[in-house]
Amino acid sequence: RKAGLAPPQVAARKSGAPLVCLTAYTTPMARLADAHCDIVLVGDSLGMVLHGLPTTLGVTLEMMILHGKAVRRGLERALMVVDMPFGTYEEGPEQAFRNAARLMAETGCAAVKLEGGEAMAPTIRFLCARGIPVMAHVGLTPQAVNSLGGYHVQGRGADGERVRRDAAAVAEAGAFSVVLEKVPEPLARRITGEIAVPTIGIGASSACDGQILVIDDMLGMFTAFRPKFVKRYAELGAAAEAAIAAYADDVRARRFPAGEHVFSQAGDGGAA
Ligand code: KIV
Ligand code: NA
């Protein structure tokens with residue numbers, strides 16, 4: 001059974017309350033996100049935030065399946081979307097279908113996400129016609145970092161037309177929502193007004209129909225760099241660092257383990 005909001009219900013949210021989306025990569029985080037989010041994305045950002053890769057280019061289908069299965073176990077209501085990693089869909093619609101079908105069958109996700117605009121429209125159309133709902137992703141597409149020459153804002157000035165055409169093409173091809181990453185606010189507002197399906201912004205202003213963040217970014221757990229568009233709602237990385245330092249001090253000073261953590265020889269009832 002697919003948990004939660006079906007893609008048609010997402011489309012119906014176009015002018016309603018903003019769609020709340022977060023990434024998750026593990027069962028416990030999925031459980032926490034499930035209670036508050038409409039959509040949980042198993043993003044290929046996991047390559048960088050969990051596996052220490054320098055970009056998302058080294059992420060494999062097997063990694064997405066492993067984390068996708070873990071996330072599925074933590075969800076009861078949110079719509080689950082899994083990213084298609086670099087190299088698993090760009091060759092053509094058949095390759096994309098084969099790999100998207102594996103993601104859906106093996107993880108139990110309700111939809112897949114793939115990066116790209118006009119060039120990916122035929123692939124999106126092919127998947128949508130064959131039972132695979134697709135979330136699109138345009139603007140800054142991190143898998144294209146080597147072509148884009150970095151992680152710069154996309155769609156400034158005359159380049160805005162390209163991003164508009166990309167968003168229109170993927171929406172027209174049947175994508176049920178479109179992630180807009182790192183584009184100027186006026187462009188995000190214009191695209192949101194122009195396409196029929198919800199836009200989900202990341203670094204794309206509150207003009208979008210929904211928002212998404214990488215969970216490790218907003219929790220302050222991934223601190224290698226800090227994009228301007230991230231708001232830190234917690235400093236869990238700093239809290240973890242302090243806890244680990246306190247543990248190390250306690251062990252070195254023989255303060256841990258203390259009496260309450262220790263088992264007696266006789267079994268006095270206090271210890272399990
Ligand atoms: O991989 C990811 O986490 C993403 C979202 C940030 C949109 O693609
Ligand atoms: Na991604």
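**View 1. E181, an annotated position in strand β6**. With 23 C-beta neighbours inside 10 Å, E181 counts as buried, a term that applies when 20 or more other C-beta atoms, placed from the backbone, lie within 10 Å of a residue's own, whereas 12 or fewer make a residue exposed and values in between make it partly exposed. An unreviewed UniProt entry lists E181 under "active site", and such annotations may be inferred rather than shown by experiment. Leaving aside neighbours within four places in sequence, E181 is in contact with H137, G139, L140, I202, G203 and A204, contact being taken as C-beta atoms, placed from the backbone, within 7 Å of each other. The model is predicted, and local features need pLDDT of at least 70, side-chain atom pairs count only at pLDDT 80 or more, and totals for chains, interfaces and linings use all residues. Residues are numbered from 1 along each chain as its sequence is written, while chains are lettered from A and ligands numbered from 1 in the order in which they are written.

**View 2. The residues around ligand 1**. The shell is made up of T23, L41, G43, D44, S45, D83, H137, V179, I202, I212 and V214, where a residue is included if its C-beta atom, placed from the backbone, lies within 6 Å of the ligand. These residues divide into 5 nonpolar, 4 polar and 2 charged.

**View 3. V81 in the largest nonpolar core**. Such a core is a set of buried Ala, Val, Leu, Ile, Met, Phe, Trp, Tyr and Cys residues joined through C-beta atoms within 7 Å. Of its 71 residues, V40, V81, V112, V134, V170, A175 and V178 touch the most other members, and the largest share, 5 residues, comes from helix α8 (residues 160-172). Not counting residues up to four places away in sequence, V81 touches I39, L41, C109, A110, A111, V112, K113 and M135.

**View 4. Backbone at K182, R254 and P257**. Most residues other than glycine have a negative phi, and most peptide bonds are trans. K182, in the loop between β6 (177-181) and α9 (185-194), has a positive phi of about 50° and counts as buried, with 21 C-beta neighbours inside 10 Å. R254, in the segment after α11, has a phi near 55°, but R254 counts as exposed, with 8 C-beta neighbours inside 10 Å. P257 is also found in the segment after α11 (236-252), and the peptide bond from F256 to P257 is cis, with omega near -5°.

Terms used:
Nonpolar A, V, L, I, M, F, W, Y, C, P; charged D, E, K, R; others polar. Helix = DSSP H or I, 4+ residues; strand = E, 2+ residues; numbered from the N terminus. Contact = placed C-beta atoms within 7 Å.
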